[in-house]
Amino acid sequence: MHNLFPNRLSVLPTFNCMVLVFSILLIASTGYAQNNLHGAGATLPYPLLKKLFREYQYNTGKPIIFEAIGSGSGLAKFNANAVDFLISDTPDETTLNAPNRIAVPISISGVAVAYNLPKNPDLKLNKAILKAIYSGEITHWNDPAITELNAPELMPNLPIQVGTRPAKSGTYHIFTQFLDANSLQGNHVLPGSLAMARFIDETIGSVGFLGLNHAVDQHLKIARIENNVGAFIIPNPHVIGMATTENSPYAYPISGLSWLVFDAKQTEVRQLAQWLLETGQYYHKQFQYAPLPQQQRVQWLKKLEISQ
């Protein structure tokens, strides 16, 4: 299983996704307050972030504006000093030594593989089959590899309608990292998890990957995915959180971290980071995300203190 936790306080990748903008402003006036924190970045943790930033303002009185425009677009704004912080799903080792920049993980997201088949059998998939589907090698649901893995379930003789995401999205990054693939093929490219959910819901014979929150909210059928020890796991916050444990028999394998990135001189964002690693961790499971393990929270809080 890939290491979700780099050793350094840093991370920065690049990806574009559909534009979702939300403002968490619980103030009486109609204009923006002058002391707002302004961030941009990932859409995968959007439902959770919306709740977290609202609760942060309620608890501290500090409003936050966040633009959910994708990690890549968010990084561009962050590098241009147009925002105070970045939320990113796609760690990039080449930026670990960026000067005067701090990054801490704040949540663990699961990427579900959802499908729409006649009678919706209880589908099992593994890395090899998914890689073959997303390379164009497997094109029909009754391919011998799928039927053998899912016996005695009967697979229909239907072409697979393959849903994928733009190459720079965080969800795409997590999924390709699981497959050990450089690129994916798909005959339907969807701009975000919500669009992917609609595509799967409306298309017989479809398969696609999306944020677990959206798959659950849209009542999609979710596949069981084989993990590193050969167990077939259906995602939920508990097994997603186990992704940080090497070779756990219950760990869901298609998981990734969301990171908060900011300038080391940004005292107010540092306070936000501390809140997200403490109080903020209690809101994750209700939105289908996993909180960080307690030991990891303690370690990252200590690193925040040392970096001051």
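**Glutamine 281.** I started in the loop between helix H9 (267-277) and helix H10 (294-306), where glutamine 281 lies. My helices are DSSP runs of H or I with at least four residues, my strands are E runs of at least two, and both are numbered from the N terminus. Buried or exposed, I wondered about glutamine 281? Glutamine 281 is buried, with a relative accessible area of 3%; buried means under 20%, exposed over 50%, and partly exposed in between (1.4 Å probe, protein chains only). Leaving out residues up to four places away in sequence, glutamine 281 touches Ile106, Leu276, Pro291, Leu292 and Arg297, where a contact means heavy atoms within 4.5 Å.

**Ground rules.** This is a predicted model, so I note that local features need pLDDT of at least 70 and side-chain atom pairs count only at pLDDT 80 or more, while totals for chains, interfaces and linings use all residues. Residues are numbered from 1 along each chain as its sequence is written, and side-chain values use heavy atoms, with hydrogens and water left out.

**Whole chain.** I count 10 helices and 13 strands in the chain. Of its 308 residues, 54% count as buried. For contacts with a separation of 6 or more, 75% come from residues 24 or more positions apart. The accessible surface is about 13,200 Å², and 49% of that belongs to carbon and sulfur atoms; the areas come from the Shrake-Rupley method with a 1.4 Å probe, and for residues only the protein chains shown count as cover.

**Core.** Next I looked up the largest nonpolar core, which has 89 residues. Such a core is a set of buried Ala, Val, Leu, Ile, Met, Phe, Trp, Tyr and Cys residues joined through side-chain atoms within 4.5 Å. Phe85 and Leu260 have the most contacts inside this core. Strand E5 gives the most to it, with 10 residues. A reminder to myself: in soluble globular proteins, nonpolar side chains tend to be buried together.

**Helix H2.** Which residues of H2 (71-79) are buried? They are Ser71, Gly72, Gly74, Leu75 and Phe78. Down the helix axis these buried residues fall within an arc of 160°, so they line one face of H2; the arc is that of the directions from the axis to the C-beta atoms. What do they pack against? I find strand E2 (37-41), strand E4 (85-88), strand E5 (101-116) and strand E13 (255-263). After H2 comes asparagine 81, with a positive phi near 60°.

**Salt bridges.** My rule is a side-chain nitrogen of Lys or Arg within 4 Å of a carboxyl oxygen of Asp or Glu, and the count comes to 4.

- Lysine 77 pairs with glutamate 67, closest N and O atoms 2.8 Å apart. Lysine 77 is in H2 and glutamate 67 in strand E3 (residues 64-68), so the pair ties together parts 10 residues apart in sequence. Lysine 77 is partly exposed at 29%, whereas glutamate 67 is buried at 13%.
- Arginine 224 pairs with aspartate 122 at 3.3 Å between the closest N and O atoms. Arginine 224 lies in strand E11 and aspartate 122 in the loop between E5 and E6, so the pair ties together parts 102 residues apart in sequence. Arginine 224 is partly exposed at 29%, and aspartate 122 is partly exposed at 34%.
- Lysine 127 meets aspartate 180 at 3.3 Å, N to O. Lysine 127 sits in helix H3 (residues 127-133) and aspartate 180 in the loop between helix H5 (170-179) and E8, 53 residues apart. Lysine 127 is partly exposed at 31%, but aspartate 180 counts as exposed at 54%.

**Strand pairing.** I call two strands paired if DSSP finds at least two bridges between them. Strands E6, E11 and E12 form an open sheet in the order E6-E11-E12, with mixed pairing. E6 (124-125) and E12 (232-233) are the edges with a single partner strand each, so one side of each has no neighbour in the sheet. E11 (residues 224-226) and E12 are antiparallel over 2 bridges, with isoleucine 225 partnered by isoleucine 233 in E12.

Then I turned to E7 (residues 161-164), which runs parallel to E9 (residues 206-211) with 2 bridges; here valine 162 stands opposite valine 207. E7 also runs parallel to E8 (residues 188-189), again over 2 bridges, and glycine 163 has histidine 188 in E8 as its bridge partner.
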